[in-house]
Amino acid sequence: SSTITLSFKLSYYNEYKSYLSNMTITLGYWGIRGRGEAARLILRFSGAEWEDKIYASPAEYGAFKASTDMAFPNLPYLIDGDVKMSETMAILRYLGRKFDLFPSNADAWRVEMIEQVFVDWVAAFYKIAFDKANFEESSAKFKEGLGAKLDKLGGFIGERKWIAGDKLTYVDFLAFELLSVIQMFSPDSHNKVVDDYLARFAALGPIKKWLESDERKQRAFHVLPPNYAAWSGAPN
């Protein structure tokens, strides 16, 4: 009797897990790459069913914000069954766990440290990109220091395939998006190790398919909102 009961519970649990895994995930964000593109890359790579919910105006997002029961509504947000969450890095970590893109305990320190380095890079870059009054001066200063930053990152990657070694993790998706944008912003700034790392990532099957897809060419997303940023990046 106990064996039958246990078998029934396991069967129910497996069916429930299958049900949850087959539910459509929703990622909500503006119609730009911005802070949402790394999560989009993970979802494209995963092969999961998902909705790329694009908000065209503050009014449209405001209507969602007023009606949602999300604890801390913000963009980007992620809805996955009962999970309703916001905050960029929390979303990336959640997707990393969900799709086996999370580091081992031995390598977690590398991923967690470089994650925060990239968070700092993003903050510094966005400060420049939105600074219309001082854009020329601040962007020139940023580019001057970029070579040293890329060299330091190249040294950190070393001979590893990915940030955590042989295992691809969520932070590689963050790195690819950030570094791709930086290359757009400063095309002459390079490091061979970093360039090779980006090329490996771009060659991953689902990523390569996306980068070469008609859908990507047609959506024409800027990196940042062109109406507000001093540098918005060319469309995809």
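Reader: Which residues line the second largest cavity?
Author: Leu27, Arg35, Ala39, Pro76, Thr88, Ile91 and Leu92 line the second largest cavity. A cavity is a set of points, on a 1 Å grid over the protein atoms alone, where a 1.4 Å probe fits but cannot get out, and lining residues have an atom within 4 Å of a point. The model is predicted: local features need pLDDT of at least 70 and side-chain atom pairs pLDDT 80 or more, while totals for chains, interfaces and linings use all residues. Residues are numbered from 1 along each chain as its sequence is written, and side-chain values use heavy atoms, without hydrogens and water.

Reader: Which helix gives the largest share of that lining?
Author: Helix α4 (residues 88-98) does, with three residues. Helices are DSSP runs of H or I with at least four residues, strands are E runs of at least two, and both are numbered from the N terminus.

Reader: What is the volume of the second largest cavity?
Author: The second largest cavity holds about 30 Å³, a volume being the space filled by probe spheres set on grid points joined across faces, edges and corners.

Reader: Pro76 is in that lining. Is the peptide bond from Leu75 to Pro76 cis or trans?
Author: That bond is cis, with omega near 5 degrees. Pro76 sits in the loop between α3 (58-67) and β3 (77-80).

Reader: Now the largest cavity. Which helices each supply at least two residues of its lining?
Author: Those are α7 (170-185) and α8 (192-202). The lining includes Leu179, Ile182, Val194 and Leu198, and the space in the largest cavity is about 50 Å³.

Reader: Moving to helix α7, is Phe173 buried or exposed?
Author: Phe173, in helix α7, is buried because its relative accessible area is 0%; buried means under 20%, exposed over 50% and partly exposed in between, with a 1.4 Å probe and protein chains only. Its C-alpha atom lies 9.8 Å from that of Leu101, 72 residues apart along the chain.

Reader: What about the backbone of Glu87 and Asp100: what are their phi values?
Author: Glu87 has phi near 85 degrees, a positive value in a residue other than glycine. Glu87 lies in the loop between β4 (83-86) and α4 and is partly exposed, because its relative accessible area is 44%. For Asp100, phi is near 55 degrees, also positive in a residue other than glycine. Asp100 belongs to the loop between α4 and α5 and counts as exposed because its relative accessibility is 56%.

How values were computed
1 Å grid on protein atoms, 1.4 Å probe; cavity = no way out; pocket = protein on both sides within 12 Å on 5 of 7 lines; lining within 4 Å.
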